[in-house]
Amino acid sequence: QVQLVESGGGLVQAGGSLRLSCAASGSIFSINAMGWYRQAPGKQRELIAVDTSGGSTIYASCVKGRFSISRDSVKNTVYLQMNSLKPEDTGVYYCNAEGAHTFRGLGDYWGQGTQVTVSS
């Protein structure tokens, strides 16, 4: 079983910055991709950024140039640096581990979510 624990959310004024962290624990051999999703009030969960095992990164167009994802594969930890935050960035941010290889095989896992609120 894989557990993802997020931290770093909170309340920030528009234009400010936050850094989210997500640490995966468990009997993990490898993880294909780790990323961040966001669910705003009344909206569906959407992809924000993902880091693949090949080293490529993908960003939602709405955060390009403002957010940066990085990953420590040794620690199975992924980070999301969020700069120039806007009120529309408000939501619950979920960490995702895709293709996590454990003793039980391959699986996808989600964190519990961390709230980010950007005030205008």
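Predicted model: local features only at pLDDT ≥ 70, side-chain atom pairs only at ≥ 80, totals over all residues.
**Overall make-up**

- The protein has eleven strands and zero helices; both are DSSP runs numbered from the N terminus, with helices being H or I of at least four residues and strands E of at least two.
- Going along the sequence, you read β-β-β-β-β-β-β-β-β-β-β.
- For 120 residues, a compact globule would come out near 14 Å in radius of gyration, and the protein agrees with its 14 Å (taken over C-alpha atoms, with the globule rule being 2.2 Å times the number of residues to the power 0.38).
- Along the principal axes, the C-alpha atoms fill a box of roughly 45 × 25 × 25 Å.
- Of the 120 residues, 44% count as buried (under 20% relative accessible area; exposed is over 50% and partly exposed is in between, with a 1.4 Å probe and protein chains only).
- The accessible surface is about 6,200 Å², and carbon and sulfur atoms account for 48% of that (Shrake-Rupley method with a 1.4 Å probe).
- Take the contacts between residues at least 6 apart in sequence: 56% of them join residues at least 24 apart (contact means heavy atoms within 4.5 Å).

- Four strands make an open sheet in the order 1-3-8-7, paired antiparallel (two strands pair if DSSP finds at least two bridges between them).
- Strand 1 (3–7) and strand 7 (67–72) sit at the edges with a single partner strand each, so one side of each has no neighbour in the sheet.
- From one strand to the next, the twist averages 15° (axes are lines fitted to C-alpha atoms, and angles run from 0 to 180 degrees between N-to-C directions).
- Strand 8 (residues 77–82) is largely enclosed by the rest of the structure, because five of its six residues are buried.

**Who pairs with strand 8**

- Strand 7 runs antiparallel to strand 8, and six bridges join them.
- Within that pairing, S68 has Q81 as its bridge partner, while R71 stands opposite V78.
- The two strands form a hairpin with four residues between them, and N76 in the turn has a positive phi of about 55°.
- Strand 3 (residues 18–25) also pairs antiparallel with strand 8, over six bridges, and L18 stands opposite M82.

- T90 lies in the loop between strand 8 and strand 9 (91–102) and, at 17% relative accessibility, counts as buried.
- Leaving out residues up to four places away in sequence, T90 touches R38, A40, P41, Q115, V116, T117 and V118.
- Q115 is in strand 11 (residues 114–119), and its 39% relative accessibility makes it partly exposed.
- The C-alpha atoms of Q115 and T90 are separated by 7.8 Å, with the two residues 25 apart along the chain.
- Under the sequence cut-off of four places, Q115 touches G9, G10, T90, G91 and V92.
- The side chains of Q115 and T117 are joined by a polar contact of 3.3 Å (a pair of N or O atoms within 3.5 Å, one able to donate a hydrogen and the other to accept it within protein; residues adjacent in sequence count only if both atoms are side-chain atoms).

Note on methods
Residues numbered from 1 in each chain as written. Heavy atoms only, no water.
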